[in-house]
Amino acid sequence: MRDCQRWGAYHHEHEESNTMRILVLGANGMIGSTMLRVLAEQANWYVVGSLRSSILPASNSSSAYFVGGIDLSNSDHLVKVFQSVKPEVVVNCAGLTKHLP
């Protein structure tokens, strides 16, 4: 699991705040990226998106944060991301894609 520095700094600053913590799984997909952007527009919520890739987005127009290198089929990765983010709400936008030949 690779934490984004931006996420790490925010997390430590607001760890005890009254904001709602939301974790969006599959945040780089079509539905997940839209969900992340819409949820991050709320002023009193902080939204963290999980990415399968360890390469984090270079720019992010929303106020969302990212944690990369999360393999959702690996239970250890899930435990670590849940312990790190401590979400109150989880939105699962991850899915399997079957490419046809």
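Trainee: Where does K86 lie?

Mentor: Helices (H or I, at least four residues) and strands (E, at least two) are DSSP runs, numbered from the N terminus. K86 sits in the loop between α3 (75–85) and β5 (89–92). This is a predicted model: local features need pLDDT of at least 70, side-chain atom pairs count only at pLDDT 80 or more, and totals for chains, interfaces and linings use all residues. Residues are numbered from 1 along each chain as its sequence is written, and side-chain values use heavy atoms, with hydrogens and water left out.

Trainee: What is the phi of K86?

Mentor: Positive, about 55 degrees, although K86 is not a glycine.

Trainee: Why does K86 count as partly exposed?

Mentor: Buried means under 20% relative accessible area, exposed over 50%, partly exposed in between (1.4 Å probe, protein chains only). K86 counts as partly exposed because its relative accessibility is 42%.

Trainee: Which way do the residues of strand β4 point?

Mentor: In β4 (residues 65–68), Y65 and V67 point one way and F66 and G68 the other way; all are buried.

Trainee: How many bridges join β3 to β4?

Mentor: Two strands pair if DSSP finds at least two bridges between them. Here three bridges join β3 (residues 45–50) to β4, and the strands run parallel. S50 stands opposite V67 in β4.

Trainee: Which residues have the most contacts inside the largest nonpolar core?

Mentor: A nonpolar core is a set of buried Ala, Val, Leu, Ile, Met, Phe, Trp, Tyr and Cys residues joined through side-chain atoms within 4.5 Å. The largest has 13 residues, and V24, L36 and V47 have the most contacts inside it. The most comes from α2, with three residues.
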